[in-house]
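Please read the following report alongside the sequence and the coordinates.

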There are 2 protein chains.
Amino acid sequence: MSSQPSESHTPGPPLPGMFARYTDLVRQGLTAAVPDSDLSDLNLPIQYHLGWTDKDGNLAASAASQGKALRPTLCMFACEALEGDLTQALSAAASIELVHNFSLIHDDIQDQDLERRHQSTVWALWGQPKALVAGDALQSVGDLSMLRSAQLGVPPETVMRVSRILTGAYLEMVEGQCQDLGFESRTAITTDDYLHMIACKTGALIRSSVEIGAVLATDDPAVANSFAKFGSYLGRAFQIRDDYLGVWGDENATGKSTDNDIRRRKKSFPAVFALERASGAARDDLLRIYSQEELDDCDVERVMAIMDELGASRYAEQLTQQSAQQATRALENVELPPWAREEVDQLIDFLANRQF
Amino acid sequence: MSSQPSESHTPGPPLPGMFARYTDLVRQGLTAAVPDSDLSDLNLPIQYHLGWTDKDGNLAASAASQGKALRPTLCMFACEALEGDLTQALSAAASIELVHNFSLIHDDIQDQDLERRHQSTVWALWGQPKALVAGDALQSVGDLSMLRSAQLGVPPETVMRVSRILTGAYLEMVEGQCQDLGFESRTAITTDDYLHMIACKTGALIRSSVEIGAVLATDDPAVANSFAKFGSYLGRAFQIRDDYLGVWGDENATGKSTDNDIRRRKKSFPAVFALERASGAARDDLLRIYSQEELDDCDVERVMAIMDELGASRYAEQLTQQSAQQATRALENVELPPWAREEVDQLIDFLANRQF
């Protein structure tokens with residue numbers, strides 16, 4: 001599979017410094033949230049999924065399988081940028097990361113995915129029934145962590161408010177998963193359908209991360225609202241970039257097989273765009289290929305060739321840049337210290353242009 | 001399968017009046033909690049599961065498939081018995097019922113059950129992936145309903161407290177599901193293991209229903225604690241009776257096939273008791289039968305004969321009565337109006353001796 005837009009040869013922006021800055025705090029919040037021994041034999045699948053142990057319960061040698069912790073980092077950043085007390089955001093940030101991880105465990109069952117972050121998925125190791133309850137348990141652990149914010153000094157009204165924001169967001173998230181499921185059997189999906197689906201499936205939780213961080217720092221609803229908007233556009237940029245990397249990314253950087261999204265007929269942005277724009281023979285080929293149960297190398301190459309002809313990668317990049325600009329504009333009227341403004345720019349640049 | 005202890009020929013106690021008294025309020029709380037159109041195509045599976053519509057979305061002709069609404073009834077009763085404001089308990093009671101129903105949707109996936117309450121299960125109609133997200137959505141809808149208690153005038157501190165009680169309870173519930181999964185591959189399970197499992201899987205949510213109703217009515221921790229204990233014993237009596245009916249119940253009354261629990265090698269109380277107590281040839285037979293993938297009529301009859309020899313039904317009834325007495329004692333020192341005391345007795349009698 002050789003189709004590679006030239007852009008992917010550049011190294012891309014580095015992970016912004018805020019990720020390293022919050023690592024310890026995020027870990028502290030998560031450690032406080034996840035009970036060490038109370039969950040009987042659900043502990044192991046949960047700690048394994050979080051990247052803390054291997055499948056036999058031995059402590060993980062590296063943090064490589066723990067992911068970037070994007071959502072708690074966004075929460076902490078929003079709180080700090082508005083000069084809030086970071087220690088009050090610990091439980092909330094952990095809660096968001098746990099809810100995200102619960103959704104991944106269930107997602108992997110839904111999609112029958114055998115691997116995530118270079119290792120076997122929970123259901124692949126422990127079976128579907130246990131993976132199902134491990135996900136349910138993690139959601140509850142996440143909810144409890146949010147409520148524990150009260151013990152960190154967050155006023156009860158605010159705890160309820162952030163609980164409502166998070167719960168509302170994960171309700172949107174499951175709606176998005178449901179829409180995504182519906183896409184599997186359809187070929188007539190517009191870019192608008194797609195944007196609505198990702199706004200729910202990915203966008204809602206990313207938006208809520210930023211909004212919750214802001215609400216913990218300020219009582220000003222206009223500011224919280226601007227941060228929520230910022231989060232929505234960030235989420236959109238993040239997901240379209242994710243879909244881009246799923247087709248044109250560098251396997252070594254992303255850790256995901258490059259042609260996997262096409263081979264699995266995933267209705268990610270490039271596929272939706274191609275199905276919407278193709279005409280004539282290209283359209284016939286796409287419809288034929290996407291109606292097959294299995295795709296061979298030749299099918300995958302044909303799909304990539306059609307995407308190239310239609311300029312799908314360029315269009316994906318344009319849409320990402322547009323979302324990045326909207327994210328920038330969402331915070332224009334919010335007063336921020338210079339360091340925070342600079343980090344906002346770094347963050348947007350990273351999410352929109354990252355190679356991993 | 002003819003083994004029937006004589007007790008099952010009596011009609012059993014009627015459904016206490018409190019169930020009918022709260023029906024409208026419970027329905028009102030549920031209707032406010034479950035959005036009518038916001039969940040895109042998750043609405044139908046959810047409303048169908050709640051017994052509100054048939055699988056095509058037509059309004060259900062009868063309330064037969066809606067179940068007894070035990071948990072919200074318990075919540076309402078505890079609140080009213082302590083002279084609390086019932087309208088403040090609406091959202092909380094609905095929340096508990098929704099969390100219970102979310103767990104049933106996931107349970108049916110786990111157990112691969114095709115029917116519940118005389119109709120097809122959600123996963124059987126819409127497939128596992130959609131049933132999985134429908135369950136997740138229902139949990140979120142339940143969480144949001146609990147938080148909505150604030151709009152009914154419940155103080156924020158109390159909303160957080162009842163949220164914590166419910167979330168803690170469903171965490172216990174999923175732990176119980178996990179223990180129950182573990183039982184499937186084991187034959188060495190003691191009565192204590194079993195009691196611990198049902199205390200989590202069934203007991204925690206029933207206990208929390210009663211406790212939440214009490215907390216909404218009183219600030220006295222000793223009273224709330226007594227109600228929580230009362231709920232624990234009620235839950236134990238309820239589940240052991242359920243297991244009894246799963247083997248010796250009248251199919252027409254329970255709506256469940258009588259030999260189903262044995263045929264599916266379910267480690268319900270009678271099976272656990274038999275496996276724990278049997279010796280000699282009976283023990284060998286049980287171990288052989290419970291190691292088979294499928295049981296024929298002859299196996300089921302042999303298991304029932306062994307249960308009869310060991311007096312499993314009598315022992316199940318003793319254990320139920322013991323739990324019923326403990327439930328009564330738990331409320332002995334709580335001051336209750338005479339009507340409530342009378343209804344406590346009716347409730348205990350019903351749960352411990354019901355035929356359906």
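## A proline between two helices

B:Pro337 counts as buried, because its relative accessibility is 16%, where buried means under 20% relative accessible area, exposed over 50%, and partly exposed in between (1.4 Å probe, protein chains only). The residue sits in the loop that runs between α15 (312–330) and α16 (338–353) of chain B, helices here being DSSP runs of H or I with at least four residues, and strands runs of E with at least two, numbered from the N terminus. When residues up to four places away in sequence are not counted, B:Pro337 touches B:Ala81 and B:Glu83, contact meaning heavy atoms within 4.5 Å.

## Basis of the model

This is a predicted model, in which local features need pLDDT of at least 70 and side-chain atom pairs count only at pLDDT 80 or more, while totals for chains, interfaces and linings use all residues. Residues are numbered from 1 along each chain as its sequence is written, chains are lettered from A and ligands numbered from 1 in the order in which they are written, and side-chain values use heavy atoms, with hydrogens and water left out.

## A buried threonine

B:Thr121 lies in the loop between β2 (119–120) and α5 (122–126) of chain B, and it counts as buried because its relative accessibility is 2%. Leaving aside residues up to four places away in sequence, B:Thr121 touches B:Asp108, B:Asp113, B:Leu114, B:Glu115 and B:Arg116.

## Contact between the chains

The size of an interface is often given as the accessible area lost when the parts come together. Chain A and chain B bury about 3,400 Å² between them, with 73% of it on carbon and sulfur atoms; buried area is the accessible area (1.4 Å probe) that two parts lose on being put together, summed over both. On the chain A side, the elements that give two or more residues are α4 (90–111), α6 (128–147) and α7 (156–184) of chain A, and α7(A) provides the largest share, with 15 residues. The residues of this side divide into 20 nonpolar, nine polar and eight charged, where Ala, Val, Leu, Ile, Met, Phe, Trp, Tyr, Cys and Pro count as nonpolar, Asp, Glu, Lys and Arg as charged, and the others, Gly among them, as polar.

The contact takes 37 residues from chain A and 37 residues from chain B. Between the two chains there are zero salt bridges, a salt bridge being a side-chain nitrogen of Lys or Arg within 4 Å of a carboxyl oxygen of Asp or Glu. Four residue pairs, both members at pLDDT 80 or more, are in polar contact between chain A and chain B; a polar contact is a pair of N or O atoms within 3.5 Å, of which, within protein, one must be able to donate a hydrogen and the other to accept it, and residues adjacent in sequence count only if both atoms are side-chain atoms.

## Two domains of chain A

The domain assignment of chain A gives domain 1 (14–219) and domain 2 (220–336), such bounds coming from an automatic or database domain assignment. The C-alpha centres of the two domains lie 22 Å apart. The area buried between domain 1 and domain 2 of chain A is about 2,400 Å², of which carbon and sulfur atoms give 68%, and A:Thr187, A:Thr191 and A:Tyr194 supply 23% of the area that domain 1 buries against domain 2, more than any other three residues.

The count between these domains is one salt bridge, and eight residue pairs are in polar contact, both at pLDDT 80 or more. On the side of domain 1 that touches domain 2, α3 (70–81), α7 and α8 (191–217) of chain A each supply at least two residues, and α8(A) gives the most, with 12 residues.

## Charged pairs

A search of the whole structure finds 30 salt bridges over all chains. In one of them, A:Glu80 pairs with A:Arg21, the closest N and O atoms being 3.3 Å apart; A:Glu80 is in helix α3 and A:Arg21 in helix α1 (residues 17–33) of chain A, 59 residues apart. A:Arg21, partly exposed with a relative accessible area of 36%, also forms a salt bridge with A:Glu343, the closest N and O atoms being 2.8 Å apart. A:Glu343 lies in helix α16 (residues 338–353) of chain A and A:Arg21 in helix α1, so the pair ties together parts that are 322 residues apart in sequence.
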